[in-house]
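The sequence and the structure come first.

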Amino acid sequence: MNTIFRKSVLSVAGLAFAGGVFAGPIAAHANPVDAKPVAVAVQSAAPKPQGDQSRITLNDEQTANVKAIIAATKKAGLPERAAVISIATSLQESKLENLGHLGDMNDHDSLGLFQQRPSSGWGTPEQITDPAYSTTAFLKGLKQVDGWQDMALTDAAQTVQVSAYPDAYAQWEQQATDLVAQHWNS
């Protein structure tokens, strides 16, 4: 939720409260009115996935990496949304495979689930290829993004990852959401 919208909601709520405080005693003695329920639109906690969605079938290693990402997210005290962003990012970067050096196919010195680079300060090759460490490093970056909880997934992921393909993360949001729903409490 952006700051302007949040302030607007709080202002309206404050006016409604103040009006109730001052009008309450008067309204309590007024004639009853037939009240009918009013539908209220509530904004979902997580934005809907953007654009066309991709999906892959996971093997045991990839499923174990999903569980490692969720465990690291819980250990960091972060909500399910952080795990969704982390898993979608890893789906884009490595298809949830803990990649070592890929030779000529490698993007610079990128390694691990998130294709983090030792030369960019993410950690040593050994650290980056440890799913718990690499997830914790990603989450540390995510926590530094002001308002990440209310951002579109692709914007939050891109702010941490600084990818050449900033919109690519969005295609994995639904599968990441489904995976978190499936494994968060297991």
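## Basis of the description

Helices, here DSSP runs of H or I with at least four residues, and strands, runs of E with at least two, are numbered from the N terminus. By that assignment, Gln115 is placed in the loop between H3 and H4. The model is a predicted one, in which local features need pLDDT of at least 70 and side-chain atom pairs count only at pLDDT 80 or more, whereas totals for chains, interfaces and linings use all residues. Residues are numbered from 1 along each chain as its sequence is written, and side-chain values use heavy atoms, with hydrogens and water left out.

## Helix H2

Helix H2 covers residues 60-75. The expected span of a helix is taken as 1.5 Å times one less than its number of residues; for the 16 residues of H2 this gives 22 Å, and because the end C-alpha atoms are 22 Å apart, the two values agree. A residue is called buried under 20% relative accessible area, exposed over 50% and partly exposed in between, with a 1.4 Å probe and protein chains only. On this scale, the buried residues of H2 include Gln62, Asn65, Val66, Ile69, Ile70, Ala72 and Thr73. Viewed down the helix axis, the buried residues of H2 fall within an arc of 165°, so they line one face of the helix, the arc being that of the directions from the axis to the C-beta atoms. Asp60 and Lys75 are exposed residues on the face of H2 that is turned away from this buried side.

Contact, meaning heavy atoms within 4.5 Å, is the basis for describing the packing. The buried residues of H2 pack against H3, H5 and helix H7 (173-183). A polar contact is a pair of N or O atoms within 3.5 Å, where within protein one atom must be able to donate a hydrogen and the other to accept it, and residues adjacent in sequence count only if both atoms are side-chain atoms. At the N-terminal end, H2 is capped by Asn59, a side-chain oxygen of which lies 3.0 Å from the backbone nitrogen of Glu61. Just after the helix, Gly77 has a positive phi of about 75°.

Glu61 itself is partly exposed, at 42% relative accessibility. Beyond its neighbours within four places in sequence, Glu61 is in contact with Glu97 and Asn98; the C-alpha atoms of Glu61 and Asn98 are 8.7 Å apart, although the two residues are separated by 37 residues in sequence.

## Helix H3 and the residues after it

In H3, 15 residues should span 21 Å, and the end C-alpha atoms are 21 Å apart, which agrees. The helix is mostly covered, with twelve of its 15 residues buried; among them are Arg81, Val84, Ile85, Ile87 and Leu91. The buried residues of H3 pack against H2, H5, helix H6 (153-161) and H7. Lys95, which follows H3, has a positive phi near 55°.

Ser94 belongs to H3 and is buried, with a relative accessible area of 5%. A polar atom of the Ser94 side chain lies 3.0 Å from the backbone oxygen of Glu97. Apart from neighbours within four places in sequence, Ser94 is in contact with Leu99, Gly112 and Leu113.

## The loop between H3 and H4

Leu99 lies in this loop and is buried at a relative accessible area of 17%. Leaving aside neighbours within four places in sequence, the contacts of Leu99 include Glu93, Leu111, Gln115 and Thr129. Leu99 and Thr129 are 30 residues apart in sequence, with a C-alpha to C-alpha distance of 7.2 Å. Gln115 is likewise buried, at 13%, and its side chain reaches the backbone oxygen of Gly112 at 3.3 Å.

## Aromatic rings

Rings of Phe, Tyr and Trp (its six-membered ring) pair if their centres lie within 6.5 Å, and planes under 30 degrees apart count as stacked, over 60 as edge-to-face and the rest as tilted. The structure holds one aromatic pair. The ring centres of Phe114 and Phe138 are 4.9 Å apart and the planes lie at 10°, so the pair is stacked. It links distant parts of the chain, with Phe114 in the loop between H3 and H4 and Phe138 in helix H5 (residues 131-143), 24 residues apart. Both residues, Phe114 and Phe138, are buried.

A charge sits over a ring if NZ of Lys or CZ of Arg is within 6 Å of the ring centre and within 35 degrees of the ring normal. Lys74 lies over the face of Trp184, at 5.0 Å from the ring centre.
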